[in-house]
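The following exercises ask the reader to work through a structural model step by step. Each task is followed by its solution.

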Amino acid sequence: PEDAYPARLRRKLARWPEPVEVLNAGVPGMNSSQIRRAFPEMLLRFQPDIVLLMVGVADFWNLDAFRAEEY
């Protein structure tokens, strides 16, 4: 986990003059359609100043994606 992108970003931003919180809201197996449906609620819930959204690896038909929304 300490080498994952969110942790690396958190370490880089620790040098920033103001405190920065990095939130990893990723769900394994979630595809872009599911993210698009979940994204508005995430914005309301977390009210971020900046969003980095990475999509693509799970963008294929898979049954695991259906369970990802329950996560």
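**Exercise 1: the residue after a helix**

With a relative accessibility of 63%, glutamine 47 counts as exposed (buried is under 20% relative accessible area, exposed over 50%, partly exposed in between, with a 1.4 Å probe and protein chains only). The model is a predicted one, in which local features need pLDDT of at least 70, side-chain atom pairs count only at pLDDT 80 or more, and totals for chains, interfaces and linings use all residues. Residues are numbered from 1 along each chain as its sequence is written, and side-chain values use heavy atoms, with hydrogens and water left out.

Task: locate glutamine 47 and describe its phi.

Solution. Step one: glutamine 47 belongs to the loop between α2 and α3, and its position is just after α2. Helices (H or I, at least four residues) and strands (E, at least two) are DSSP runs, numbered from the N terminus. Step two: the phi of glutamine 47 is near 45°, a positive value in a residue other than glycine. Most residues other than glycine have a negative phi.

**Exercise 2: the geometry of α2**

**Exercise 3: the loop and its nonpolar patch**

Task: classify proline 48, isoleucine 50 and leucine 52 by accessibility, and identify the surface patch that includes Ile50 and Leu52.

Solution. Step one: proline 48 lies in the loop between α2 and α3, and at 36% relative accessibility it counts as partly exposed. Its C-alpha atom is 9.3 Å from that of leucine 23, 25 residues apart along the chain. Step two: isoleucine 50 is placed in the loop between α2 and α3 and, at 70%, counts as exposed. Step three: leucine 52, in the loop between α2 and α3, counts as exposed at 55%. The C-alpha atoms of leucine 52 and asparagine 24, 28 residues apart along the chain, are separated by 9.8 Å. Step four: Tyr5, Ile50, Leu52 and Met54 form a nonpolar surface patch with about 510 Å² of accessible area together. Areas come from the Shrake-Rupley method with a 1.4 Å probe, and only the protein chains shown count as cover for residues. Patch residues have over 30% relative accessible area and no salt bridge; like charges are joined within 9 Å, and nonpolar side chains (Val, Leu, Ile, Met, Phe, Trp, Tyr) within 5 Å. A salt bridge is a side-chain nitrogen of Lys or Arg within 4 Å of a carboxyl oxygen of Asp or Glu.

**Exercise 4: confidence**

Task: state where in the chain confidence is highest and where it is lowest.

Solution. Step one: pLDDT is the predictor's confidence in each residue, from 0 to 100. Step two: confidence is highest in helix α1 (residues 5-13), at a mean of 94, and lowest in α3, at a mean of 55. Step three: where pLDDT is low, the predicted coordinates should not be read in detail.
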